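Reader: Could you take me closely through one part of this model, namely how a helix packs against its neighbours, and explain the terms as you go?

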Amino acid sequence: MSKFPNTITFTSQIDIQAAKDEKSSPTFSMLAYTGGPMMVAGFDLPVVVDLTGLQITRQQLPVRLEHDPTKGVGHTSSVIIDNCQLKAEGVISRDTGWARDVANSGKRGFPWQVSIGAAVLKHEYLQPDAIEIVNGQEITGDCYIVRSSILKELSFVDSGADTATEAQITANNHHSIGGTHSMPETKTDETKDIKACDCADCTTCQTCKSQEKPIETIEAKATPSQIEAAAVADPVADMRIKAAAESKRIADIRSICKGEHADIEAKAIEKGWNTTQCELEVLRASRPSAPAIHIPTTTHSPQIFEAVALMSSGLSTPRLEAMYDSPTLEAADKLRGIGIQEFCEQVVGNQLPRFRRDASGWLQAAFSTTSLPGILSNIANKMLLEGYNYIEDAWRQICKIASVNDFKEHTRYRMTGAFKFEQVGADGELKHGKLDELKFGQKADTHGIMFALTRQMIINDDMGAFTDIPRQIGMGAAEAIADAVWGLLLSNPNSFFSAGNKNYSEGAETALSVDALTAAEILFGEQTKPNGRPLGISPRILLVPIALKVIAQQLMKSVDLNETTTANKAKPKSNPHVGKFDVVSSSYLGNASFDGASSKAWYLFADPNRLPALEVAFLNGVDRPTVEKTDADFNTLGIQFRGYIDFGVREQDHRGAAKFKGE
């Protein structure tokens, strides 16, 4: 089932006729909607607009071309719902090319149609085979019924959905144009009965000319009571009187604006202002004003709702200020502290059913829009990343970060052959280098978990509880990677650190000190290529548990060391390792829950991008968890989300690291 929008337009047929005379504006009347089902563009099911719920907030509605506000045509003078049908009358009152095009094209027989634009306030889905009486008609289900809406505007278009509707525009003579009939002429005491004329061209017909009488003359001589009586007796006369008044209003507005306030002029004509309103607005615009700061209105933007939820999560002000601008945070602060139910109603823009009485109805109404699921997903993503970044990620400094494009086993190759340049002999022949390779494996797997906006959270109306769950899941995603990396390192897979690999040393002399670092650097430097030549790669990272962090930092930052045995030495000893290695520490190394953990063992690592000892690979390079909304689970009365991340951890080249037991 498609998502229902906030507005809807439906079209109907219209026939155009010309104006009564050259001085007056063309007027129209139309049967805009007959109350039945329509196929509206963008929907897979018919749509029925319940006319009992259609609000007509004003009689003078704008009439446009193709729903474009910049293509004004005119306005309505009367909009009514009569006998379960929508009817309207109006004037092509705009002095625009679009208005002239509509009138002239209609005069030439172009079959214009009218499209109605309405704002949707409430709708429902009528189940298949269900039957309801709407607009006096029996409507069979598998369709949408718009129960509440506001009529906003009418537009001339060239296609229609309700083909049973029609519209007429009055002509400038008594003939029918394009096969349609003109509307009745207004009679007064001073008009003569107009006889039927069969001439081909009234512009040269003396009989017709002798019968013509300008409408302005008739209106000028008629008394107010006569005009009122004529309007009651003849709706066309009433429409003409209103059209004349509208034409005079527009002329007065243009005279007041004098071509210097085009925006005020357009707004005054469209909104139906009188001359007093227009004069006041022009006066205000003419006054000098002090410089002002104009803040764009973002009261109901998705970013504001996201900020409201993040505020309830306890996110710090600096973090919020890094995500959103000041106007957004100011607007969000006014909504601070609202619960989940009010939050969802604010996002949806409608009052939802009470959750305690109709939990399923609340969920369906709240999540039938496109805005709420998207906003909640964005909130969950932001909180998940917040939690993800809370957890220690020291593993990033010692591991190579790689990418794989599927979940299959991947093989990494590292070239190890001899490529040393050799002297070229007298014959000028260059010798071929030997190309060997080492193979290392890698494979990514999916790690994830489900979470939900549960029935209990909604009843408790606790927004903080919802935001805390994805934060905890983000922390869980980071912990999953950290556990995998440090668990692999400490488990020493396949005797990765061993005397046979020349990257392991133990004994009292391996306790972290200047001398131990010297011995470690020598051990690392004695690593060789498969051909026996020196590896030629120096260590760059000193990895230590938290217990050795201070000692390691002192060894890297102190120029002079005053080492002690039984007594202080007379002179400080120069530190040969100052600034030589980057210190990285992790609380995982000394945690007893991991096999092989030690608070005394320490490591040297090469630059992981040059010679990786460990590698973490992410599917398609996405190294952050992802949140997705799933379909509502009505068995548990909640809306579910899932968070997942795809990664793999594998040991690579043992020559890229060395371990020292420290005891």
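Author: Helices α8 and α11 are roughly antiparallel to each other, a label given to angles over 145 degrees, because their axes, 11 Å apart, pack at an angle of about 170 degrees. Here α8 covers residues 302–312 and α11 residues 340–348, helices being DSSP runs of H or I with at least four residues, numbered from the N terminus. Each axis is a line fitted to C-alpha atoms over the stretch in contact, and angles run from 0 to 180 degrees between N-to-C directions. Phe-305, Val-308 and Ala-309 of α8 make the contact with Phe-343, Gln-346 and Val-347 of α11, where contact means heavy atoms within 4.5 Å. These residues divide into 5 nonpolar, 1 polar and no charged, with Ala, Val, Leu, Ile, Met, Phe, Trp, Tyr, Cys and Pro counted as nonpolar, Asp, Glu, Lys and Arg as charged, and the others, Gly among them, as polar.

The model is predicted, so local features need pLDDT of at least 70 and side-chain atom pairs count only at pLDDT 80 or more, whereas totals for chains, interfaces and linings use all residues. Residues are numbered from 1 along each chain as its sequence is written, and side-chain values use heavy atoms, leaving out hydrogens and water.

Helix α8 also meets α10 (residues 326–333), the axes coming within 8 Å and crossing at roughly 60 degrees.

Conventions. Helices (H or I, at least four residues) and strands (E, at least two) are DSSP runs, numbered from the N terminus. Angles under 35 degrees count as roughly parallel, over 145 as roughly antiparallel, 65 to 115 as roughly perpendicular and the rest as oblique.
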